[in-house]
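Please view the sequence and the model together before reading the notes.

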Amino acid sequence: IRPTTHWETSVGARAFSGFQDCFFRDRPMDPVRIAVVGAGVVGLSTAVCISKSVPRCSITVISDKFTPETTSDVAAGMLIPHVYPDTPIPTLKRWFRETFDHLFAIASSADAEDAGVHLVSGWQVFRSIPTEEVPFWADVVLGFRKMTEAELKKFPQHVFGHAFTTLKCESPAYLPWLEKRLKRNGVLILTRRIADLWELHPSFDIVVNCSGLGSRQLARDSEMFPVRGQLLTVKAPWVKHFIRDGSGLTYIYPGTSDVILGGTRQEGDWDLSPDAEISRDIFSRCCALEPSLHGASYVREKVGLRPFRPAGVRLQVELLAQDSQKLPVVHNYGHGSGGISVHWGTALEAARLVSECVQAPRTPTPKSNL
Ligand SMILES: Cc1cc2nc3c(=O)[nH]c(=O)nc-3n(C[C@H](O)[C@H](O)[C@H](O)COP(=O)(O)OP(=O)(O)OC[C@H]3O[C@@H](n4cnc5c(N)ncnc54)[C@H](O)[C@@H]3O)c2cc1C
């Protein structure tokens, strides 16, 4: 890899010399060189967690797209987790709790506005009583309870509901905020498309793959596919409570300046251009839940491709090898519909896997007693 393509760094010349240095590591005590591929919410948060927990390392985030052009930028950003078939519920709950606690601390600080993180209260309503009346995440969000008869009167088509307070994490503010933290910590940021993870050998000692849907190619994971999502942002400043249909398909999420109306889940659809017919359908479904939205002024349409993997998130070390050369890769991708909700938890786990990779070759080989 050569720094010939576009690159940007936090601190100009000083960072550039650091960048040069990281390509010429031949002394064993030199910092471990870690490349994080991907600059969505998963890549940036993973880089932050590595920079906080792995001592004596140099980190470079490499990505072909950055905010505001990632899928993460399109996300509605609500903290409500989605189940991943291969992830045991206690693990998923831990990821969600760690993410909730991390963002709750930000929402309770003076950084909240810059980071685009805030508390939001509202209702999740059901047309029939769900099999799980109390979801596994009920004691992670705040003030979870069943909706009262008086609240349900607002939704004549619905018979049951949850009321709770959760967090909304607005990626167009949160991603630049994470990038700023990385740059402050001396992390290098490089704009580049990677065709094969092996390209990063021998310039880096460890690669962390957070390329989302890009893992279809980079991890040769043919199971990965897009689930297209379209949403609208409108001006409706009187809407302060979120409303979500129990199916998760129709939602109204008030944010700092706009209200997000959604949505769609279109499996295998790669089309990134908005579809006017779908926008009309989203608007009419949302108006059925909150008729006052007829008075909203329209702002714009957004489309994103959720990085979907049938088994769910892949958090795993893979050792790539060619001839006698080896390159440990820590995978952290496949967050599908719920990446914002669990990003910090999975980033902490990926950072632990990176620590294990760093320690592995340094553990002295036990001496033989013979
Ligand atoms: C409409 C919509 C609404 C959503 N709402 C929510 C919500 O309310 N709550 C929630 O929790 N989740 C939500 N999600 C899901 C969430 O957006 C994703 O789970 C999350 O953004 C995935 O993050 P990521 O970092 O893995 O992927 P991405 O944001 O796609 O980032 C992948 C990164 O890898 C880079 N990359 C890929 N291939 C390469 C390559 N070959 N070389 C270099 N770089 C590469 C990309 O440029 C990008 O920077 C929503 C998604 C959509 C589309």
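The structure is a predicted model, in which local features need pLDDT of at least 70 and side-chain atom pairs count only at pLDDT 80 or more, while totals for chains, interfaces and linings use all residues. Residues are numbered from 1 along each chain as its sequence is written, and side-chain values use heavy atoms, with hydrogens and water left out.

**The chain**

- The chain contains ten helices and 16 strands, taken as DSSP runs numbered from the N terminus (helices H or I, at least four residues; strands E, at least two).
- Of its 370 residues, 55% are buried, meaning under 20% relative accessible area with a 1.4 Å probe and protein chains only (exposed is over 50%, partly exposed in between).
- Contacts (heavy atoms within 4.5 Å) between residues at least 6 apart in sequence join residues at least 24 apart in 76% of cases.

**The ligand site**

- There are 36 residues around the ligand, and Asp64, Ser72, Ile194, Gly336 and Ser341 come nearest; a residue is near if one of its heavy atoms lies within 4 Å.
- By class, this shell holds 13 nonpolar, 18 polar and five charged residues. Ala, Val, Leu, Ile, Met, Phe, Trp, Tyr, Cys and Pro count as nonpolar, Asp, Glu, Lys and Arg as charged, and the others, Gly among them, as polar.
- Backbone N or O atoms lie at these distances from an oxygen atom of the ligand: 2.7 Å for glycine 336, 3.0 Å for alanine 39 and 3.4 Å for valine 41.
- The protein covers 95% of the 1000 Å² of accessible area that the ligand has on its own.
- Elements giving two or more residues to the shell include helix H2 (41–53), strand S9 (225–235) and helix H10 (339–359).
- The ligand lies between domain 1 (1–116 + 170–224 + 309–370) and domain 2 (117–169 + 226–306), because both give residues to its shell; the domain bounds come from an automatic or database domain assignment.

**Threonine 346**

- Threonine 346 is located in helix H10 and counts as buried because its relative accessibility is 0%.
- The side chain of threonine 346 reaches the backbone oxygen of histidine 343 at 3.1 Å.
- Apart from neighbours within four places in sequence, threonine 346 is in contact with Trp95, Val313, Leu315, Asn332 and His335.

How values were computed
A polar contact is a pair of N or O atoms within 3.5 Å; within protein, one must be able to donate a hydrogen and the other to accept it, and residues adjacent in sequence count only if both atoms are side-chain atoms. Accessible areas come from the Shrake-Rupley method with a 1.4 Å probe; for residues, only the protein chains shown count as cover.
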